[in-house]
Amino acid sequence: MDLYQHLQKLPKVELHLHLEGAIRPQTAVELARKNGVSLPHSDRPDELYDYNTLDAFLDVYDAISKTIVKVDDFRRITYEMLQSASQSGARHVEFFISPHAHEGVPFARQFEGIRLGISDAQVDFGVTSLIIPGMNRELGPERGEAYLDEILANRGDDVVGLGLDYFEAPYPPEPFAKVFARARESGLKLSAHCGEAGPAAYVRGCYEVLKVDRLDHGYNVVDDPALMAELRDAGILFTCCPSTTQFTTPHRDLGSPSHPIRVMKQAGLAVSIHSDDPPMFNTDLNGEYVIAMDQMQFSAADIKTAVLATIDHAWVDETTKRNWRQDWMPEIDAVINAL
Ligand code: ADE
Ligand code: ZN
């Protein structure tokens, strides 16, 4: 059995995945045709996902999001995403959604389809899931306030947090302090993409000013050793996505000793492994674990630490976490000990 097949059996928790970035290219092409929406540069599934920068990636992400229109489209992409995650060994998935990217589609319709996909996938694959609406930082804090209102109006027990994503560099986190504080007061957990295209100062801003519970990516923290030490001591989780760095950051060599994920792990930061936008970055959750071991010097013990961190930092109650640890530990140990 090869490493991929072996690690497939490792129970996993996916904490950093975007629903719209998980659309299979074939599905995007079919839905575009059905809904009369045009796709960028190609309507051939094998040519659709072609980009080399965060900017160019986000353009395609927005374009394919516009192919998702009907309730059943949202059900289908959610179900297919959870099917793929579950084939990778995911038992629980907390995923981002980008409702603003589906221009003109009411939030209520989007949530209806997503919820159908979640419940169908739970029945068919036994995978549980929670929703984290992502706030597009490029739209600014005022539209962010209106966005939060819409999210709260469509909220159920399954909406567990608020994220911050899209293009980072000219959009520092501090202006979002007020809207993030309101989300917190409304009972939502918080996370933010940072340190992917933005500097270490944005990582600090997300932690100190937005007061997030998890940091998504965070790679440029390596430029600020004092901040690294602080965040190591705080135990905050960095949800890292190896393949993404090959498309959206200058860190394209996954095997380099100076790759930030490797540096962060070596510095003792809590890092976990995730798939971000799996088909768009030509990967899946299990493939990211394989990359961590094959190319980023994660030992068997590091993999176990990373998996346990995803359990510890999931946004579920303590009883659920205790049950997961109890139920999954024999399987986790069997996989880890045979590595
Ligand atoms: N949305 C989906 N993937 C993203 C990423 N890697 N960075 C910022 N926004 C995103
Ligand atoms: Zn992401």
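## A tour from loop to ligand

Select L139 first. L139 lies in the loop between β3 and α7 (140–153). Helices (H or I, at least four residues) and strands (E, at least two) are DSSP runs, numbered from the N terminus.

The model is predicted: local features need pLDDT of at least 70, side-chain atom pairs count only at pLDDT 80 or more, and totals for chains, interfaces and linings use all residues. Residues are numbered from 1 along each chain as its sequence is written, chains are lettered from A and ligands numbered from 1 in the order in which they are written, and side-chain values use heavy atoms, without hydrogens or water.

Stay on L139. Its relative accessible area is 30%, so L139 counts as partly exposed. Buried means under 20%, exposed over 50%, and partly exposed in between, using a 1.4 Å probe and protein chains only. L139 and H100 are 39 residues apart along the chain, and their C-alpha atoms are separated by 9.7 Å.

**Next stop: N136**

Step back to N136, in strand β3 (residues 128–136). N136 has 8% relative accessibility, so this residue is buried.

**The ligand**

Keep Y166 on screen and select ligand 1. Around ligand 1 are 13 residues, of which Y166, E196, H217, D276 and D277 come nearest. To be near, a residue needs a heavy atom within 4 Å of the molecule. Which helix gives the largest share of the shell around ligand 1? Helix α4 (residues 54–65) does, with four residues.

The space taken by ligand 1 is the largest cavity. On a 1 Å grid over the protein atoms alone, a cavity is a set of points where a 1.4 Å probe fits but cannot get out. A molecule sits in a cavity if more than half of its atoms lie within 2 Å of its grid points.

Now pick out the side chains. H18 has an N or O side-chain atom 3.4 Å from a nitrogen atom of ligand 1. For H217, the distance from an N or O side-chain atom to a nitrogen atom of ligand 1 is also 3.4 Å. D277 has a polar side-chain atom 2.8 Å from a nitrogen atom of ligand 1. Ligand 1 on its own has 270 Å² of accessible area, and the protein covers 100% of it. Accessible areas come from the Shrake-Rupley method with a 1.4 Å probe; for residues, only the protein chains shown count as cover.

**Around H217**

Select T244 in helix α11 (residues 242–248). Is T244 buried or exposed? T244 is buried, because its relative accessible area is 2%. Beyond its neighbours within four places in sequence, T244 is in contact with E196, H217, T249, D276 and F281.

Move on to C240, in strand β7 (residues 237–240). C240 is buried, because its relative accessibility is 1%. Leaving aside neighbours within four places in sequence, its contacts include H217, Y219 and I261. C240 and D223 are 17 residues apart along the chain, with 16 Å between their C-alpha atoms.

**Out to the surface**

Select Q266 in helix α12 (residues 260–266). Q266 is exposed, because its relative accessible area is 60%. From Q266 to I97 is 169 residues in sequence and 32 Å in space, C-alpha to C-alpha.

Most residues other than glycine have a negative phi. K211 is not a glycine, yet its phi is positive, about 55 degrees. Find K211 in the loop between α9 (200–208) and β6 (214–217). K211 is exposed, because its relative accessible area is 51%. Then jump to Q297, in the loop between α13 (285–295) and α14 (300–312). Q297 is not a glycine either, and its phi is positive, about 60 degrees. Its relative accessible area is 53%, so Q297 is exposed.

Definitions and conventions: Contact means heavy atoms within 4.5 Å. A polar contact is a pair of N or O atoms within 3.5 Å; within protein, one must be able to donate a hydrogen and the other to accept it, and residues adjacent in sequence count only if both atoms are side-chain atoms. On a 1 Å grid over the protein atoms alone, a cavity is a set of points where a 1.4 Å probe fits but cannot get out, and a pocket is an open set with protein on both sides within 12 Å along at least five of seven lines; lining residues have an atom within 4 Å of a point.
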